[in-house]
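Open the model in your viewer and keep the selection tool at hand. We will go from stop to stop, with a note on what to select at each one.

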Amino acid sequence: MGEINMTHSDLGDAEKLAYLTGEYPRATDTFIQREVAALRDLGHNITTCSIRKTGAEHLVGEEQKAEAANTFYVLNAAKKPIHLLKCHFKFLRENPARYARAAWLALRTNQGGLRNSIYQFFYFLEAAVLGAHLRDNGVTHLHNHIAKSSCSVAMLMSEMTGIPFSFTLHGPDIFFAPGFWRLDKKIEKAKFVSCISHYCRSQAMAHSDSAHWDKLHIVHCGVDPARYDGAPARGGKRLLFVGRLAAVKGLPVLLEALKGQPDLSLTVIGDGPDRKALERAAKPLGARIEFVGYKSQTEVAEALKSHDIFVLPSFAEGVPVVLMEAMATARPVVTTQIAGVPELVEDRISGRLVAPGDVDALSEVLADLVDSPQSQSDMGQAGRAKVLKEFTLSSEAAWLSQLLIGYAAGTPPKALRPTSKEAL
């Protein structure tokens, strides 16, 4: 995809933006932080918002600390009763009909049951607090990442205040319960939806009315290839995993696959609810398995450069950014053939794809790859070329910016992805 060139004067109403997600910044979602930075570089004035405050373990670098210090936390503000009431009375007085429509939308999208009703009531309360903050800061558009609870707040806020919203749809977990999260209604109410892959868009189409399919665009998550430049040529037996230590990432499968291959070592970057159990499971493998916890973006980049093969044996993914990072470092990747992953990784060209949960297949692929340094090098170079062509942060942020500008001006782009002509 070619570069999309825009100037600050092109931004118009899209200049005053807010970003929202459930927790920001998180060590596991650095791609959101990089996207915000890239849009700011394009001239967008962005305020960041988060429903909850992240734990200190997520502030692993100066970038995260700076973002956390300048982020508005909705729950923190909503816990102040007087402020909460003021926010709601503000919108009730301003436009009673619109406020009532927001309340009715909250009722219509409630899945029933005491617990769900309580959460839905909280989303409605939070919507006014978020809306007041956006109004006070002159925000004209809200973009949300992760289409679950934070997107519910975004949708209700938009209905209550008239501030339009869009969202990035990732998956895969929301596709397990699209009805519960009322994905259909969120797509209907959103100005547009940024889908991270063709697979993701197809799932959005399956769970929405065809009248809204034209506003389902594909915007890849992207990486800055320059961060991964200068990686020395390798071709050895050092494996790297980066991700949240939870069942969905499939690490037990990888540990099992390594039992018969004593020459391979594995470094695990990340943390999560299953860390202690995984460390126990790895004990029989000895010191060649190392758990090092969360690391900063810079430290992850250095780890990719110092390892030979990146492995991500997940059971469910969207299109993992960490795979893009490994490929940008010219490292071969071994991962699972699920969801949108084959749109990034081509088997035997830029990496290897195996069936999720298949220990024998994973073990065999790893054995073949470590025995062929030339294959490692060829796949690594092919992977970097793929990222440079379709998954660079600058191009993807520019395409998202074009969508924001186009929809704000009432002249939205028609393409799923920018064509060469549009990119000039």
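Start by selecting Leu-114, which is exposed because its relative accessible area is 68%; here exposed means over 50%, buried under 20% and partly exposed in between, using a 1.4 Å probe and protein chains only. This is a predicted model, in which local features need pLDDT of at least 70 and side-chain atom pairs count only at pLDDT 80 or more, while totals for chains, interfaces and linings use all residues. Residues are numbered from 1 along each chain as its sequence is written, and side-chain values use heavy atoms, with hydrogens and water left out.

Leu-114 sits in helix α6; helices (H or I, at least four residues) and strands (E, at least two) are DSSP runs, numbered from the N terminus.

Now move along α6, residues 114-136, to His-133. His-133 counts as buried, because its relative accessibility is 15%. Leaving out residues up to four places away in sequence, show Thr-47, Cys-49 and Phe-72, which His-133 touches; contact means heavy atoms within 4.5 Å.

**Phe-192**

Next, select Phe-192 in the loop between α8 (183-189) and β6 (193-195). Buried or exposed? Phe-192 is buried, with a relative accessible area of 0%. Beyond its neighbours within four places in sequence, its contacts include His-141, Phe-165, Lys-215 and Tyr-407. For a distance check, Phe-192 and Tyr-119 are 25 Å apart, C-alpha to C-alpha, and 73 residues apart in sequence.

**Helix α13**

Select residues 321-328: all 8 of the 8 residues of helix α13 are buried, so this helix is largely enclosed by the rest of the structure. Its cover includes α1 (30-41), β8 (238-242), α12 (297-306) and α15 (373-390). Just after α13, look for Ala-330, with a positive phi of about 65°.

**Salt bridges**

A search of the whole structure finds 20 salt bridges, each a side-chain nitrogen of Lys or Arg within 4 Å of a carboxyl oxygen of Asp or Glu. Asp-308 counts as buried at 3%, whereas Arg-234 is partly exposed at 33%.

Then go to Lys-386 and Glu-390, which meet in a salt bridge at 3.0 Å, N to O. Both lie in helix α15, 4 residues apart, about one turn of the helix. Finally, show Glu-94, Arg-98 and Arg-135, linked in a network of salt bridges.

**The largest cavity**

Which residues line the largest cavity? Among them are Phe-31, Glu-35, His-220, Leu-393 and Leu-400. A cavity is a set of points on a 1 Å grid over the protein atoms alone where a 1.4 Å probe fits but cannot get out, and lining residues have an atom within 4 Å of a point. The volume of this one is about 60 Å³, and α16 gives the most to its lining, with 4 residues.

Terms used. 1 Å grid on protein atoms, 1.4 Å probe; cavity = no way out; pocket = protein on both sides within 12 Å on 5 of 7 lines; lining within 4 Å. Points joined across faces, edges and corners; volume = space filled by probe spheres on them.
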